[in-house]
Amino acid sequence: MNKDLFQQLSGRLMLDHFGFGLNNIHFSEKQFMDTYGRKGMRPYKAVNSITKKYSLNRKSRPASFSGSELTEQDEFQVLQYINTIYLFDEEIMTCPRCSSRTDFRELEHGRQFHCCLNSSCGFEFIAEPESL
Ligand SMILES: [Zn+2]
């Protein structure tokens, strides 16, 4: 994952689920990036760490979920919001940004989560079959 995407995803997760952005009184966006962004941590885990550290309360909470920690699903939702959902057919999906090959795994409803294998690109996106 590249730095920009990490920042976008974390910021959006914070805003959607905690009601404020990364530039909060407790910490700065730069501080956040320095602490978590370089470790290759998933954004939702980074947000969990910082919100736990400062005892911040989550304002949104899925009915099926009793804890206050964000999950990978929350992150995928934000990813779909930030980046368009790409469509795929029978051909092998390549990165829409740099055309490199991607690594992917299956999600629910036939969707796939793709990570660009070109480390200088680091784009990530959700793709779904054209027929859906
Ligand atoms: Zn790429």
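1. You'll find Ser-119 in the loop that links strand E3 (112-116) to strand E4 (124-129). Have a look at Ser-100 too: 19 residues separate Ser-119 and Ser-100 in sequence, and their C-alpha atoms are 9.9 Å apart in space. Keep in mind that you're looking at a predicted model.

2. Now step back to the whole chain. The C-alpha atoms fill a box of roughly 45 × 35 × 20 Å along the principal axes. For 132 residues, a compact globule would have a radius of gyration near 14 Å, and the 16 Å of this chain agrees with that. Of the 132 residues, 23% count as buried.

3. How is the chain divided? There are two parts here, domain 1 (3-70) and domain 2 (83-129). The centres of domain 1 and domain 2, taken over C-alpha atoms, are separated by 24 Å.

4. Next, the core. The largest nonpolar core has 17 residues, and Leu-9, Leu-13, Met-14, Val-47 and Leu-79 have the most contacts inside it. H1, H3, H4 and E4 each supply at least two residues of this core, with the largest share, five residues, coming from H1. Where does this core lie relative to domain 1 (3-70) and domain 2 (83-129)? It lies between them, because both domains give residues to it.

5. Leaving out residues up to four places away in sequence, Leu-79 touches Leu-9, Glu-124, Phe-125 and Ile-126. For the chain as a whole, take the contacts between residues at least 6 apart in sequence: 54% of them join residues at least 24 apart.

6. The buried ones are Pro-43, Tyr-44, Ala-46, Val-47, Asn-48, Ile-50 and Thr-51. What covers these residues? The cover includes helix H1 (3-18), helix H2 (29-36) and helix H4 (72-82). Val-47 is also one of the residues with the most contacts inside the largest nonpolar core.

7. On to the strands. E4 pairs with strand E1 (residues 86-88) through three bridges, and E1 and E4 run parallel. In that pairing, Tyr-86 has Ala-127 as its bridge partner in E4. E4 is also joined to E3, this time by four bridges, and E3 and E4 run antiparallel. Here His-114 stands opposite Phe-125 in E4, and Phe-125 is also among the residues that Leu-79 touches.

8. Finally, check two serines with a positive phi. Ser-55 follows H3 and is found in the loop between H3 and H4. Phi of Ser-55 is near 50 degrees, a positive value in a residue other than glycine. Is Ser-55 buried or exposed? With 6 C-beta neighbours inside 10 Å, Ser-55 counts as exposed.

9. The other one is Ser-99, in the loop between E1 and strand E2 (102-106). Ser-99 isn't a glycine either, yet its phi is positive, about 65 degrees. Ser-99 counts as exposed, because it has 10 C-beta neighbours inside 10 Å.

Methods. Residues are numbered from 1 along each chain as its sequence is written. This is a predicted model: local features need pLDDT of at least 70, side-chain atom pairs count only at pLDDT 80 or more; totals for chains, interfaces and linings use all residues. A residue is buried if 20 or more other C-beta atoms lie within 10 Å of its own, exposed if 12 or fewer, and partly exposed in between; C-beta atoms are placed from the backbone. Two residues are in contact if their C-beta atoms, placed from the backbone, lie within 7 Å. A nonpolar core is a set of buried Ala, Val, Leu, Ile, Met, Phe, Trp, Tyr and Cys residues joined through C-beta atoms within 7 Å. Domain bounds come from an automatic or database domain assignment. Two strands pair if DSSP finds at least two bridges between them. The radius of gyration is taken over C-alpha atoms; the globule rule is 2.2 Å times the number of residues to the power 0.38.
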